Amino acid sequence: MLSILLVLAKQHVDLAQITVFSLLSLALGYATFYVLSRPHFSALLRLANTLRNIEQGNGVAPSLEAPKGELKELGEGLSAMLAAMASREAKFVAAQRELELKVSEVAVSNAELAATLRRLKAAQEQLVTTEKMASLGGLVAGVAHEINTPVGVGVTAVSSMSSRIIDVRNKYQAGELGHRELNDFLDNTQQHCELLLSNLSRAAELVSSFKQVAVDQSADDLREFDLGVYLSEVWRSLSPQLKGTSLRYDMSVNDDIRVFNYPGALSQVLTNLVMNSITHGYERGEEGHLQLDVRHDGGEVELVYRDDGRGIAPEHLGQVFEPFFTTRRGRGGSGLGMHIVYNLVTGQLLGSIELHSEPGCGVEVKIRFPANIHPGAQTENG
Ligand SMILES: Nc1ncnc2c1ncn2[C@@H]1O[C@H](COP(=O)(O)OP(=O)(O)OP(=O)(O)O)[C@@H](O)[C@H]1O
Ligand SMILES: [Mg+2]
């Protein structure tokens, strides 16, 4: 019995020892685990903190300390990633700054551009004024030059006549003037008079053209009339000029168009266009067709005039409206016709004019102007 008790007591002591030993081992194990894993936990905590900071935008930690092993690798990987992110962000910020700089530079150049544009417009206006003055100067010089020729011819004719008259008078007074010589003198005087008349008429025409160019706008009367009826009258008045040619002419009007306008200006425009077709468009006796289409379109009138003659060379097209541009210098052309047309259409009729032409395909002139003009509208429009 005692031995049984002794065995039991020994077993109890063993159990207690085992328990104590187990508890001690457990504590030791936990302490070892704690000591060994503490750096890992703190590294993980720092890692988590850093990531939270990054998420909240509080900057990027360039490197993370971590113990050895897989965690160290993770830490290093994350550090590399964070460093890459930091460098990308730095680049992004730099690019953004550069962009902002560029935007402000663009704003500055925009402002400069706007200022340059304003200066350019002012210069352009100045140029237009200068051009107008130069054109007027050219006009006066051209008129002087053009008038100089017929007046010069006239002076020569008169002085030659005057010396002939002195000669004939002397002979007459001396009783030496024969019948034949008197006849020659009279023929000669008549020829000189004709020459004088044609040259003085040419000079007078030039003076009146010059007056038209200067466009005395108040001289022409503003009144109400039927445009179709009026323009056919103008065509009819041109029939003597068309008589000697093989040119047909037609006119179409799309409506009864009553206008309050300047009939004188319209007649002058159409006359110049038709005379140009006759003079420049065709060879003598050549067949051709002149056409005028008149349309009423809203408050505006459109006149389209066409011929099917030889047309205008491309290099001349831009000069046709210039004063004194003519391809018939010395053969009766003064180069004022189309300049007058342009001035009348844009200045007096308050309209616009377009000229289209190709060599061999005739000429088309498109004119648009308001059907009704208010008195004084030209001065209101400058
Ligand atoms: N219908 C046309 N066909 C061919 N050329 C034309 C026509 N109309 C004008 N031109 C060209 O345009 C030029 C200028 O015409 P513009 O009427 O101004 O002067 P011009 O007829 O030569 O002289 P002016 O009319 O003063 O007697 C002409 O010389 C001619 O070369
Ligand atoms: Mg002409």
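**Close-up views of the pocket, the ligand and the cavity**

**View 1. The largest pocket has a volume of about 1,400 Å³.** The model shown here and in the other views is a predicted one. The lining of the largest pocket is made of 50 residues, and those closest to the pocket centre are Met275, Asn276, Thr279, His280 and Arg328. Two or more lining residues come from each of the following elements: the helices H3 (179–213), H6 and H8, and the strands E2 (246–253), E5 (300–307) and E7 (363–370).

**View 2. Helix H6 in the lining of the largest pocket.** With 11 residues, H6 provides the largest share of this lining. Sorted by class, the lining of the largest pocket consists of 24 polar, 17 nonpolar and nine charged residues.

View 3. The ligand is surrounded by 19 residues. His280, Thr326, Thr327, Ser334 and Leu336 are the closest of these residues. In the shell around ligand 1, 12 residues are polar, six are nonpolar and one is charged.

**View 4. Helices in the shell around ligand 1.** Two helices, H6 (263–281) and H8 (337–348), each contribute at least two residues to the shell. Helix H6 supplies four residues, the largest share of the shell around ligand 1.

View 5. A polar atom in the side chain of Thr326 is placed 2.5 Å from an oxygen atom of ligand 1. On its own, ligand 1 has 600 Å² of accessible area, of which the protein covers 89%.

**View 6. The largest cavity holds about 50 Å³ of space.** The structure contains two cavities of 30 Å³ or more. The lining of the largest cavity comprises Leu231, Leu266, Val269, Leu270, Leu273, Leu292, Leu303, Tyr305 and Ile367. Both H6 and E5 give two or more residues to this lining. Helix H6 makes the greatest contribution to the lining of the largest cavity, with four residues. By class, the nine residues that line the largest cavity are nonpolar, with no polar and no charged residues present.

Key
Residues are numbered from 1 along each chain as its sequence is written. Chains are lettered from A and ligands numbered from 1 in the order in which they are written. This is a predicted model: local features need pLDDT of at least 70, side-chain atom pairs count only at pLDDT 80 or more; totals for chains, interfaces and linings use all residues. Side-chain values use heavy atoms; hydrogens and water are left out. A residue is near a molecule or strand if one of its heavy atoms lies within 4 Å of it. A polar contact is a pair of N or O atoms within 3.5 Å; within protein, one must be able to donate a hydrogen and the other to accept it, and residues adjacent in sequence count only if both atoms are side-chain atoms. Accessible areas come from the Shrake-Rupley method with a 1.4 Å probe; for residues, only the protein chains shown count as cover. Ala, Val, Leu, Ile, Met, Phe, Trp, Tyr, Cys and Pro count as nonpolar, Asp, Glu, Lys and Arg as charged, and the others, Gly among them, as polar. On a 1 Å grid over the protein atoms alone, a cavity is a set of points where a 1.4 Å probe fits but cannot get out, and a pocket is an open set with protein on both sides within 12 Å along at least five of seven lines; lining residues have an atom within 4 Å of a point. Grid points are joined across faces, edges and corners, and a volume is the space filled by probe spheres set on the points.
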